[in-house]
Structure formats: C-alpha cells, structure tokens
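Here is a short report on one protein model. Please look at the structure before reading on.

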Amino acid sequence: MDPFGVAGIATRVTEIRGQLAAFQAPKAASGTTFAETLRTAQADDITRYGNGKIPEGALQRVGNMNHRLQAPAATSLEALMTAARRDGVTIGITDSYRSYAEQADLVRRKGLYSQGGLAAKPGTSDHGWGLAVDLDLDAKAQAWMRANAGRYGFEETTPREPWHWAFRPSTMNA
C-alpha cells in the first residue's frame, strides 16, 4: 500500500485518532472488562476484523522492530521502553500481535492455559487484538515494569506468565 495514497493516508489518520483517543480516555478502576478495554483503546474499527484476523496495515509497528500492536498500545509501549532505557533498564519484546493461526499453533505446542498450558483459546487472546506483548525481562526489568508499567497503561494480567503484559489504557496512572 502506498503510504502517500488515499488509502495510506486514511489508515494513518485512523491510527492517529486512536492514539489521541487513548490519551484522552477517562481513567477507571482496575478490573476493566475486556470489552471496555477495546472500546477505550478505540479498537471499534479493528473489532470488525476479529481476534487474530487484523490486517497488518491496521496495526502499528513498535519502533523499528517487527512487532505490531494497535496504535495506542504501540505508542505507549515505545514511551515505556524509552523511559526504562533512561533508567538503565533494558526491556525486550519476544511476542506481540498473534494471528488466529499463530494462536492455534501456540495451543498445539504449549497447551491451553485452562488445562495447565500457556496459551489462550484461539480467538480469545488479547495478543489477537494487538493489545498484549510478551517481554524479555531480567529481574531488574521485571521490578521496573511492576513499579512503572501502569503509567503507560500496561498491566501484568496473566498468572504464571510474568512476561505477559496487556495494554489497558483506562488504568493509566500518573
């Protein structure tokens, strides 16, 4: 897709609107439902595709990496990683958006979380909405995330998976 053509510009305008809306979203108490998170993240345009079926052009790359997320999540993660670097902390990304096929493959390889494995039922993962990342964290980075991630809208949401962080913009704190 030509980034300067009508379709490319329209896509970028949608991304920017999503980013602005995420930063203007009202704050809510923890425990926000997934449906509320999707609305807050301005994912309504993305939900029409379905979990794990979002086209690459509807997602934003995180920095210069091959990882992709919804635009507000990508922008916030970049800010988070910049702040961590300023504090002398290195945070890597091992996984981000997952297609439905990738979700199904993960279940095959690692088993369902509900049965003691490490994968969500395909079509239900917040990775499939472009709202979650798996991070490469040493002890210092894990402590930094637990102390600071909320300022950027990220929460550690999955027991048994300290590397899994989900974007929940309604829970951003100052």
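## Basis

This is a predicted model: local features need pLDDT of at least 70, side-chain atom pairs count only at pLDDT 80 or more, and totals for chains, interfaces and linings use all residues. Residues are numbered from 1 along each chain as its sequence is written, and side-chain values use heavy atoms, with hydrogens and water left out.

## Overall make-up

The protein has 6 helices and 6 strands. Helices (H or I, at least four residues) and strands (E, at least two) are DSSP runs, numbered from the N terminus. Their order along the sequence is α-α-α-β-β-α-β-α-β-α-β-β.

Of the 174 residues, 47% count as buried. Buried means under 20% relative accessible area, exposed over 50%, partly exposed in between (1.4 Å probe, protein chains only). The accessible surface is about 9,000 Å², and 54% of it belongs to carbon and sulfur atoms. Areas come from the Shrake-Rupley method with a 1.4 Å probe. Among contacts with a separation of 6 or more, 62% join residues 24 or more positions apart. A contact means heavy atoms within 4.5 Å.

## The sheet

Four strands form an open sheet in the order E3-E4-E6-E5, with antiparallel pairing. Strands pair if DSSP finds at least two bridges between them. Strand E3 (92–95) and strand E5 (154–156) are the edges, each pairing on one side only. From one strand to the next, the twist averages 45°.

Strand E4 (residues 132–136) pairs with strand E6 (residues 164–167) over 3 bridges, in the antiparallel sense. Asp134 stands opposite His164 in E6.

## Helices on the sheet

Helix H4 (residues 71–86) packs on the sheet and touches E3, E4, E5 and E6. Its direction makes about 80° with that of E5. Helix H6 (residues 139–148) lies across E4, E5 and E6, at about 25° to E6. Axes are lines fitted to C-alpha atoms, for helices over the stretch in contact; angles run from 0 to 180 degrees between N-to-C directions.

## Aromatic rings

The count comes to 1 aromatic pair. Rings of Phe, Tyr and Trp (its six-membered ring) pair if their centres lie within 6.5 Å; planes under 30 degrees apart count as stacked, over 60 as edge-to-face and the rest as tilted. Phe154 and Phe167 have ring centres 5.2 Å apart and planes at 50°, so the pair is tilted. Phe154 lies in strand E5 and Phe167 in strand E6, 13 residues apart. Phe154 is buried at 3% relative accessible area; Phe167 is buried at 1%.

The charged end of Arg160 sits over the ring of Tyr113, 3.9 Å from its centre. That of Lys53 sits over the ring of Tyr100, 5.6 Å from its centre. The rule asks for NZ of Lys or CZ of Arg within 6 Å of the ring centre and within 35 degrees of the ring normal.
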